[in-house]
Amino acid sequence: MLVVCNFYKTEIVWDSGMDLKRFETLLGNYSEQKIEESKISLKPYEAMMLYRKR
């Protein structure tokens with residue numbers, strides 16, 4: 001499981017340093033997530049829970 005949160009009022013990009021292709025969004029407070037290779041773009045106050053598929 002991976003939980004990522006943005007507590008700021010501006011969008012941020014977080015580089016996880018991991019290959020996120022095997023992760024699937026389990027829960028989030030926005031309907032659309034921006035996940036690319038190792039980076040996640042988080043909208044203001046966005047939170048998401050991801051889990052790694054086997």
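**Exercise 1. How many positive and negative side chains does the protein have, and how far apart do the centres of the two sets lie?**

Solution. Start with what you're looking at: this is a predicted model, where local features need pLDDT of at least 70, side-chain atom pairs count only at pLDDT 80 or more, and totals for chains, interfaces and linings use all residues. Residues are numbered from 1 along each chain as its sequence is written, and side-chain values use heavy atoms, leaving out hydrogens and water.

Now the counting rule: Lys and Arg are positive, Asp and Glu are negative, and His and the chain ends don't count. Each charge is placed at NZ of Lys, CZ of Arg, CG of Asp or CD of Glu. That gives 9 positive and 8 negative side chains, with the two centres 4 Å apart.

**Exercise 2. Work out which elements the protein has and in what order they run.**

Solution. Helices (H or I, at least four residues) and strands (E, at least two) are DSSP runs, numbered from the N terminus. Step one: the tally is zero helices and six strands. Step two: the order from the N terminus is β-β-β-β-β-β. Step three, the overall build: the radius of gyration is 10 Å, close to the 10 Å from the globule rule for 54 residues, so the protein is as compact as a globular protein of that length. That radius is taken over C-alpha atoms, and the rule is 2.2 Å times the number of residues to the power 0.38. Along the principal axes, the C-alpha atoms fill a box of roughly 35 × 20 × 15 Å.

**Exercise 3. Find the strands that pair with β6, and name some facing residues.**

Solution. Two strands pair if DSSP finds at least two bridges between them. Take β1 (residues 2-5) to begin with: four bridges join it to β6, and the two run antiparallel. In that pairing, valine 3 sits opposite methionine 49, while valine 4 is across from methionine 48. Next comes β3 (residues 23-28), which pairs with β6 over five bridges, again in the antiparallel sense. Here phenylalanine 23 stands opposite arginine 52.

**Exercise 4. Is methionine 1 buried or exposed, and which residues does it touch?**

Solution. Buried means under 20% relative accessible area, exposed over 50%, and partly exposed in between (1.4 Å probe, protein chains only). Methionine 1 belongs to the segment before β1. Its relative accessibility is 69%, so methionine 1 counts as exposed. Contact means heavy atoms within 4.5 Å. Leaving aside residues up to four places away in sequence, methionine 1 touches Leu26, Met49, Leu50 and Tyr51. For the whole protein, buried residues make up 22% of the 54.
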